[in-house]
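Here's a quick briefing to read with the model open beside you. It goes through the core, the charge pairs and the surface in turn.

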Amino acid sequence: MSSKADEAVLSYEQARDELIEVVRRLETGGTSLEESLALWERGEELAKVCRRWLEGARARLDAALAEDEGEAEAGEEEE
């Protein structure tokens with residue numbers, strides 16, 4: 001599987017796509033217990049990567065919305 005350094009360079013889409021593949025492989029079965037555990041661990045890592053990307057996107061959206069609200073309030077005060 002990949003290292004922490006690899007996770008740092010994964011885009012959201014790459015992590016999501018790999019996570020989908022991990023889930024597919026786990027659902028289809030046919031892997032040894034050791035392989036299944038390794039896939040599960042990789043899936044957990046990929047889910048964390050996706051969560052970090054989504055949390056970052058949420059923070060950027062919240063900041064942009066707060067900025068827009070601040071500009072709207074400033075515009076109302078000028079009138």
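Predicted model: local features only at pLDDT ≥ 70, side-chain atom pairs only at ≥ 80, totals over all residues.

**Core**
- Seven residues make up the largest nonpolar core, which has 7 residues: Leu10, Ala15, Val22, Leu39, Leu46, Val49 and Cys50.
- Helices α2 (12-28) and α3 each put at least two residues into this core.
- The top contributor is α3, which gives 4 residues.

**Salt bridges within the neighbourhood of α2**
- Searching the whole structure turns up 5 salt bridges.
- One of them pairs Glu21 with Arg24, with the closest N and O atoms 2.4 Å apart.
- Glu21 and Arg24 sit about one helical turn from each other, because they are 3 residues apart in helix α2.
- Arg24 is partly exposed too, its relative accessible area being 42%.
- Another salt bridge joins Asp17 to Arg16, and here the closest N and O atoms are 3.0 Å apart.
- Both partners count as partly exposed: Asp17 has 41% relative accessibility, and Arg16 has 31%.

**The link from α2 to α3**
- Glu18 and Arg42 form a salt bridge whose closest N and O atoms are 2.8 Å apart.
- Glu18 belongs to helix α2 and Arg42 to helix α3, so this pair ties together parts that are 24 residues apart in sequence.

**Elsewhere on α3**
- Leu54 is another residue of helix α3, and it counts as partly exposed because its relative accessibility is 48%.
- In sequence Leu54 and Tyr12 are 42 residues apart, but in space their C-alpha atoms are 8.1 Å apart.
- Which residues form the negative surface patch? They are Glu67, Asp68, Glu69, Glu71, Glu73 and Glu76.
- Glu76, one of that group, lies in helix α3 (residues 33-78).
- Glu76 has a relative accessible area of 57%, so it counts as exposed.

Note on methods: Residues numbered from 1 in each chain as written. Heavy atoms only, no water. Patch = residues over 30% accessible without salt bridge, like charges linked within 9 Å, V, L, I, M, F, W, Y side chains within 5 Å. Areas by Shrake-Rupley, 256 points an atom, 1.4 Å probe, with all protein chains shown as cover. Salt bridge = Lys/Arg side-chain N within 4 Å of Asp/Glu carboxyl O. Lys, Arg positive; Asp, Glu negative; His and termini not counted. Charge placed at Lys NZ, Arg CZ, Asp CG, Glu CD. Buried < 20%, exposed > 50% of the residue type's maximum accessible area, 1.4 Å probe, protein only. Core = buried A, V, L, I, M, F, W, Y, C linked by side-chain atoms within 4.5 Å.
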